[in-house]
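Here are my notes on this one, as numbered points. Have the coordinates open while you read.

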Amino acid sequence: MLKTFLAKELNLLLLWLLIGFFAGFIYSIELLGISDFNSLLVASRMRSLHISQMLYGFFPLVLSILPFALFDKDKILDVSIMTNLKRYFIVWNIFLLFMSVTILFGNMRGLPFYDFAYWLNFILAFSGIFYIIAIFLALKNYKNDRPLWVNISLIVVITAPLLLVFLMNPSYGQVEKTLVGPHGDNTLGMSFALIPLYYLLIKLNSTKNFVPKKNILWIIPFTGYIISLIIRNFFHTLTYNEEWFFQYLTLLYIPLLYFWLKDSSVNFKINPYLIISIFAFVFVDIEGNILFVPQIRWPVHRNDLIIAHAHIAMGIGVAFMAMSILHYILPKLFDKKVAILWTILISFIGLVLSLSGLSEAGIIDVNIKYFWMARAFFGFLIICLICFMLFKNLDIKIDSKMKLYHLIGFASDAIGGVLLILIGNLLFTQFGFKFIGGWEYVVFAFMIGTGTIHYFGLFEEGETLANVSAVIRLLVASMFIALFTTKLIDGIGVLVGTYDASFAFIYLLFLKDRK
C-alpha cells in the first residue's frame with residue numbers, strides 16, 4: 001500500500017528536487033558572471049529558491065513518510081490512514097508551488113535560510129493536521145501497548161507545526177534572532193532534531209528488536225538547548241563562549257549513534273544510505289566544532305556562515321536520511337550505485353566550496369572562479385542524475401499515436417510554459433513582441449496547465465483528456481486571434497492562436513475516435 005503510494009508521488013517529489021538543484025546551478029553560473037539574467041532568474045531569487053527547496057521540498061516530504069514506513073512494517077496501515085496521508089501530501093505540494101512562485105517574483109524575507117513569505121508557514125501547519133490525523137488513525141490499530149518509537153513519532157508530529165509557526169515568526173522567531181554570530185545553540189537544536197529521526201531509521205532497518213540505550217547522551221544536549229533558549233529569549237543575547245559551550249554538547253551525539261548502530265546490527269549492506277548519512281553527520285559535527293574555535297574560524301572563513309558545512313549536512317546527511325527510506329521501500333530505484341555517485345558529487349561540491357573559502361581568506365592563492373566552475377559542473381551532474389531517476393521512474397511507453405500526441409503536447413506546453421515563465425521577457429523582446437510582465441505570466445501558467453493535461457493523458461483516459469485539451473486550445477485560439485484582429489495585442493496573438501488551433505485540429509481531424 002505505501003510502496004504504491006510512494007511510487008506515484010515520486011515523480012512530483014523528484015520534480016521539486018530538480019527545481020531546487022536547477023536554481024542552485026543557475027545561481028552558481030551567475031556567480032561566474034556568465035550571465036546576469038534580466039528575468040526571474042536573478043541570483044538572489046535563485047539562491048533563495050535553491051535553499052528553500054532543499055529545506056522544504058523533496059527531503060522533508062520523504063522524511064515525513066518515516067513513521068508510516070514503520071507502520072507498514074508492523075502491518076497496520078489501512079485505507080483511511082493512506083487517505084489522510086495523501087491529503088497531507090497534496091497540501092504540502094500546494095505550499096511548495098506557492099513558495100516557488102512567490103520567490104521567483106521576489107517575495108522574500110531577506111534571510112539566509114527560510115527566505116519565503118511568513119504566511120506560507122500556515123499552509124504547512126494546515127498540512128500537518130492531516131498528518132496528525134493519519135498518525136492517530138494508525139495508533140488506533142495497535143491492539144496492545146504502543147511501542148516506544150510510536151510515542152516518539154507522536155511527540156514530533158504534534159509539536160512540529162506549532163514550533164514551525166513560532167520559530168519562523170518575524171518578531172520573536174528563533175531564525176531571525178540568529179542571523180549573525182556563531183549561533184551555536186541553534187546548531188545544537190537543529191542537530192538534536194535529527195536524533196529521533198536517526199532512531200526511527202535505525203528501528204526501521206533493524207532486523208531484530210532494537211531498544212535504544214545510552215539515552216543520557218541525548219538528554220544532556222537537549223537540556224542544554226532548552227537552557228539556551230531561555231537565556232536568549234528572556235535574559236540576554238548569548239555570548240560567544242556561551243554559544244561555544246552549547247555547540248560542543250553536540251559531540252555527545254557521536255557515541256550515541258555508534259552504540260545505536262552496534263546494538264541494532266544495521267550496516268552498509270543493509271542500507272548504504274543510512275550509514276553514509278550517519279558518517280556525514282559525524283563529519284559535520286566534528287568539523288563544525290573545530291571551526292567554532294575563533295582562531296580557526298576567522299582566518300578560514302571571514303564570515304559567520306561556514307562554507308560547504310551546510311552542503312555536507314544537507315546534501316549528504318539529511319538527504320541520505322530521506323533516501324534511506326526510499327531505499328527501504330523502492331530499493332531498485334535508489335540502489336547502492338546511486339548512493340555512491342551522489343556522495344561523490346556532493347563531496348566534490350563541498351571540497352571546492354571549502355577551497356574557495358580558503359581562497360577568499362587569502363590562505364591559498366588560486367583564482368576562486370575555478371572553484372565556482374567546478375561547483376557548477378558537479379551541480380550539473382547531480383541534475384543529470386535526478387533526471388535519469390525521474391525518467392526511469394516515469395517509465396513512459398509511447399506505443400500509440402495518441403500517446404505521441406500527448407507527449408508532444410506535454411513537452412511544448414508544460415515545459416515550454418516553464419521556460420516562458422523563467423525567461424519569457426527575454427524571448428518576447430528577442431522576437432519583437434511587447435512584454436508587460438503581468439498578464440503574460442497568467443497565460444504561461446495556463447500553458448503549463450494544458451501541458452499537464454497531456455501528461456496525464458500519457459497514462460490514463462487518453463481520449464477524454466485529448467478532447468478536453470482540444471476544447472481549451474480552441475477557446476484560447478479564438479480569444480487570441482480576436483484580440484489581435486481588434487488590435488488589442490500585437491503579433492503574439494496570431495502566433496498563439498495559430499499554434500493552439502493547429503494542435504487541436506490535428507487531434508480532431510486525424511486522431512479522434514481512431515483506435
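How many salt bridges does a search of the whole structure find? Point 2 has the answer, after some ground rules.

1. **Ground rules.** This is a predicted model, with local features needing pLDDT of at least 70 and side-chain atom pairs counting only at pLDDT 80 or more, while totals for chains, interfaces and linings use all residues. Numbering runs from 1 along each chain as its sequence is written, and side-chain values use heavy atoms, with hydrogens and water left out.

2. **Salt bridges.** The search turns up 3 of them, where a salt bridge is a side-chain nitrogen of Lys or Arg within 4 Å of a carboxyl oxygen of Asp or Glu. One of them pairs Lys403 with Asp399, at 3.5 Å from N to O. Lys403 is partly exposed, at 22% relative accessibility, while Asp399 is exposed at 57%. For these words, buried means under 20% relative accessible area, exposed over 50%, and partly exposed in between (1.4 Å probe, protein chains only).

3. Arg473 bridges to Asp413 at 2.8 Å, N to O. That pair links distant parts of the chain, 60 residues apart, with Arg473 in helix α19 and Asp413 in helix α17 (residues 401-430). Arg473 also forms a salt bridge with Asp500, again listed at 2.8 Å, N to O. Asp500 sits in helix α20 and Arg473 in α19, so this pair ties together parts that are 27 residues apart in sequence. Arg473 is buried, at 1% relative accessible area, and Asp500 is buried too, at 8%. Shared partners join Asp413, Arg473 and Asp500 into one network, and Asp413 is buried as well.

4. **Overall make-up.** The secondary structure comes to 20 helices and 0 strands; these are DSSP runs numbered from the N terminus, helices being H or I with at least four residues and strands E with at least two. Of the 515 residues in the protein, 52% are buried. Contacts here mean heavy atoms within 4.5 Å, and among those with a separation of 6 or more, 78% are between residues 24 or more positions apart. The protein exposes about 24,600 Å², with carbon and sulfur atoms supplying 70% of it; areas come from the Shrake-Rupley method with a 1.4 Å probe, and for residues only the protein chains shown count as cover.

5. **The cores.** The largest nonpolar core has 131 residues, and Leu2, Phe59, Phe68, Phe95 and Trp342 have the most contacts inside it. Helix α1 (residues 2-31) gives the most to this core, with 13 residues. A second, separate core has 8 residues, including Ala466 and Phe503. A nonpolar core is a set of buried Ala, Val, Leu, Ile, Met, Phe, Trp, Tyr and Cys residues joined through side-chain atoms within 4.5 Å. Leaving aside residues up to four places away in sequence, Phe68 touches Leu2, Leu77, Ile81, Leu85, Tyr131, Ala134 and Ile135.

6. Phe95 is in helix α5 and is buried, at 0% relative accessibility. With residues up to four places away left out, Phe95 touches Tyr56, Phe116, Leu120, Ile123 and Leu124. Ile94 belongs to a nonpolar surface patch of about 750 Å², whose other members include Ile90, Phe98 and Trp119. Helix α5 (residues 79-104) gives the most to this patch, with 5 residues. Patch residues have over 30% relative accessible area and no salt bridge, with like charges joined within 9 Å and nonpolar side chains (Val, Leu, Ile, Met, Phe, Trp, Tyr) within 5 Å.

7. **Spots to check by eye.** Most residues other than glycine have a negative phi. Glu461 has a positive phi of about 50 degrees; this residue lies in the loop between α18 (439-457) and α19 (462-485) and is exposed, at 54%. Lys487 has a phi near 60 degrees, lies in the loop between α19 and α20 (492-511), and is exposed at 75%.
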